[in-house]
Amino acid sequence: MMKPVALHKGDRVAVVAPAGAPVKEHLMQGVKALEEMGLEVMIGRHVFDVEENGAEMDRKRVADLHDAFF
């Protein structure tokens, strides 16, 4: 079994929400915990977006995933 390389202080992690917008307070608690571990946190541009058009929201969330990996 392959194991991923452990994260180290200064590493960058991305936070995305492909299933829907999280409660901002809860997400920020998690971001704070990651930062306290010494990680650089990048929050997706569309994490807190809420739109009525499902297709447009899907496009934005996919864009966040792509940004996280590239």
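Which side chain of opposite charge is nearest to Asp64, and is Asp64 buried or exposed? The points below take up this residue after a short account of the chain.

1. The model is a predicted one, and its protein chain holds two helices and two strands, which follow one another along the sequence in the pattern β-α-β-α. The C-alpha trace spans about 40 × 30 × 20 Å along its principal axes, and residues 24 or more positions apart account for 59% of the contacts in the chain with a separation of 6 or more.

2. As to burial and surface, 21% of the 70 residues count as buried, while the accessible surface of the protein chain comes to about 5500 Å², with 58% of that area belonging to carbon and sulfur atoms.

3. Asp64, which has its place in helix H2 (residues 54–69), is buried yet has no salt bridge, and the nearest side chain of opposite charge is that of Arg45, 4.6 Å away. Beyond its neighbours within four places in sequence, Asp64 is in contact with Val16, Gly44, Arg45, His46 and Val47.

4. Arg45 does form a salt bridge with Asp67, where the closest N and O atoms are 2.9 Å apart. This pair links distant parts of the chain, since Arg45 lies in the loop between strand S2 (40–43) and H2, whereas Asp67 lies in helix H2, 22 residues apart from it. Arg45 is exposed, with a relative accessible area of 60%, and Asp67 is partly exposed, with a relative accessible area of 35%.

5. The count of salt bridges comes to five, and one of them joins Glu56 to Arg59, with the closest N and O atoms 2.5 Å apart. Both residues lie in helix H2, three residues apart, which is about one turn of the helix; Glu56 is partly exposed at a relative accessible area of 26%, and Arg59 likewise counts as partly exposed, at 47%.

6. In helix H1 (residues 24–36), Glu36 and Lys32 are four residues apart and therefore separated by about one helical turn, and their side chains meet in a salt bridge at 4.0 Å, N to O. Glu36 counts as exposed, at 60% relative accessibility. In general, side chains of opposite charge can pair when their charged atoms come close.

How values were computed: Residues numbered from 1 in each chain as written. Predicted model: local features only at pLDDT ≥ 70, side-chain atom pairs only at ≥ 80, totals over all residues. Heavy atoms only, no water. Buried < 20%, exposed > 50% of the residue type's maximum accessible area, 1.4 Å probe, protein only. Contact = heavy atoms within 4.5 Å. Areas by Shrake-Rupley, 256 points an atom, 1.4 Å probe, with all protein chains shown as cover. Lys, Arg positive; Asp, Glu negative; His and termini not counted.
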